[in-house]
Amino acid sequence: MGCGSAKEVLAAGGQQYTTSNSVTLPQVQASSADAFVDSMGVVTHMTYDNTPYYTNWAKVLTYLQRLGIRHVRDGYFNPNWGAPLTTRHQQLAQSGIRTNYVVPYDPAITSQTIQKLSAVDKDMELLEAPNECDVAGNCGASVSASMANMIAFTPAVRSAGTALKIPVLGPSFAGYETYGAVGNISSLMTHNNLHVYFGGRNPGSAGWGGPDAQGNAYGSFPFWLDQANLDAPGLPSLVSETGYLSFPGNPTPYTIPTDVEESYIPRTYALSFLDGVSRTYVYELLEEVNSPGYGLIDPNIGTFDTTGNLNWSSTRTTNQTVPLTISDQITIVKILPR
């Protein structure tokens, strides 16, 4: 994850090595490269029938397989819908890719229907409570109704997770204040759930707002982890959404150029992992009409050569290909231009 300076300590095999300058730093427990790779996920939208996720699934599956992605975050759907969605999730499972299912607020969804979907799709590894119910309209007409609906509904998701013996992510919130306002809801989850966006800033930012009670400034990774400790004290957290709005050329406020995003995305994965987050999902895999500017890959131009490399557009680099296997050396690329 980058070379350290000459004064850094290398900790290995329980031994500590320092330079002749005698600089001593604390020993740290090394993590395997595979654990880092396994922390990486991407958001997909397989039910969006106006996108290549639905209309060009074969290509999307190839992207995921060649990237080496093992984890996707997608939406729950009625198990009675059948093919093609159930077939496609079975293909994910056959490829070693597992899915975190976001369960929307819907009183018709029960623990039993969730378990039925798991039996059909074969790829369910996580369940997630309804998304951003602190936004009016997401789970009810008003914020208060939306939050009340989420609190009443999420036990069905938790029950399904218990029956299936899989983790359950708590509800994500759009506003940081909600984590403190909602009270202790740790009984609804096994892991807390964060949406961490940096508004175009470097993911290593120390924050850009006022400090919380622990002294961490708004916007930083430590700040968000502090918020998670308010509504579910002591539980581990996952980041189910993070990412950047990026466009070629000069960006508008809170966006970044696409070449900057190419550096920020792997850095986001790495910093999240270093902060103890065991799974981080980048929003999202494909550039698509519902969320312009967020995709890692533009499906209109991203093509593979015969060796399994993804070709860059010659408008950025001439006749260059970039290996896309996620291995000990991590490369996440964004295909240009759009």
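**Figure 1. The disulfide between Cys-133 and Cys-139 in the predicted model**. In this predicted model, the sulfur atoms of Cys-133 and Cys-139 lie 1.9 Å apart and form a disulfide. The structure holds 1 disulfide. The torsion about the S-S bond of Cys-133 and Cys-139 is about -55°, so the disulfide is left-handed. Both cysteines, Cys-133 and Cys-139, are buried.

**Figure 2. The open sheet of 8 strands**. The strands follow the order E7-E6-E5-E4-E3-E10-E9-E8, and their pairing is parallel. Strand E7 (168-169) and strand E8 (192-197) are the edge strands, each of which pairs on one side only. In general, the strands of a sheet pair through backbone hydrogen bonds. Strand E5 (residues 98-102) and strand E6 (residues 124-128) run parallel and are joined by 4 bridges. Within this pairing, Val-102 stands opposite Glu-128 in E6.

**Figure 3. Strand E3 and the strands paired with it, E10 and E4**. Strand E3 covers residues 40-43. With strand E10 (residues 280-282), E3 pairs in the parallel sense over 3 bridges, and the bridge partner of Gly-41 in E10 is Tyr-281. With strand E4 (residues 71-75), E3 pairs over 2 bridges, again in the parallel sense. Here Val-43 stands opposite Arg-73 in E4. Met-40 and Val-42 point one way from E3, while Gly-41 and Val-43 point the other way. Met-40, Gly-41, Val-42 and Val-43 are all buried.

**Figure 4. Arg-73 and its salt bridges with Glu-128 and Glu-241**. As a general point, side chains of opposite charge can pair when their charged atoms come close. Glu-128 and Arg-73 form a salt bridge in which the closest N and O atoms are 2.8 Å apart. This pair links distant parts of the chain, with Glu-128 in strand E6 and Arg-73 in strand E4, 55 residues apart. Arg-73 also forms a salt bridge with Glu-241, where the closest N and O atoms are 3.0 Å apart. Because Arg-73 lies in strand E4 and Glu-241 in strand E9 (residues 237-243), the pair ties together parts that are 168 residues apart in sequence. Glu-128 counts as buried because its relative accessibility is 0%. Arg-73 is buried with a relative accessible area of 4%, and Glu-241 is buried with 8%.

**Figure 5. The salt bridge between Arg-70 and Asp-34**. The side chains of Arg-70 and Asp-34 meet in a salt bridge at 2.6 Å, N to O. Arg-70 lies in the loop between helix H3 (57-67) and E4, and Asp-34 in helix H1 (residues 33-38), so the pair ties together parts that are 36 residues apart in sequence. Arg-70, at 26% relative accessibility, counts as partly exposed. Asp-34 likewise counts as partly exposed, at 44% relative accessibility. Arg-70 and Asp-34 belong to a network of salt bridges that also links Asp-38, Glu-125 and Arg-279. The structure holds 6 salt bridges.

**Figure 6. Arg-88, a buried residue without a salt bridge**. Arg-88 is found in helix H4 (residues 85-94). The nearest side chain of opposite charge to this buried arginine is that of Asp-49, 9.7 Å away. Leaving aside neighbours within four places in sequence, Arg-88 is in contact with Met-46, Tyr-53, Tyr-54 and Trp-57.

**Figure 7. Pro-299 in the loop between E10 and strand E11 (310-311)**. Pro-299 counts as buried because its relative accessibility is 10%. Not counting residues up to four places away in sequence, Pro-299 touches Pro-52, Lys-59, Tyr-63, Leu-286 and Glu-287. Pro-299 and Tyr-53 are 246 residues apart in sequence and 9.5 Å apart in space, C-alpha to C-alpha.

Figure 8. Where pLDDT is low, the predicted coordinates should not be read in detail.

How values were computed:
Residues are numbered from 1 along each chain as its sequence is written. This is a predicted model: local features need pLDDT of at least 70, side-chain atom pairs count only at pLDDT 80 or more; totals for chains, interfaces and linings use all residues. Side-chain values use heavy atoms; hydrogens and water are left out. Buried means under 20% relative accessible area, exposed over 50%, partly exposed in between (1.4 Å probe, protein chains only). Two strands pair if DSSP finds at least two bridges between them. A disulfide is a pair of cysteine sulfur atoms within 2.5 Å. Lys and Arg count as positive and Asp and Glu as negative; His and the chain ends are not counted. A salt bridge is a side-chain nitrogen of Lys or Arg within 4 Å of a carboxyl oxygen of Asp or Glu. Contact means heavy atoms within 4.5 Å.
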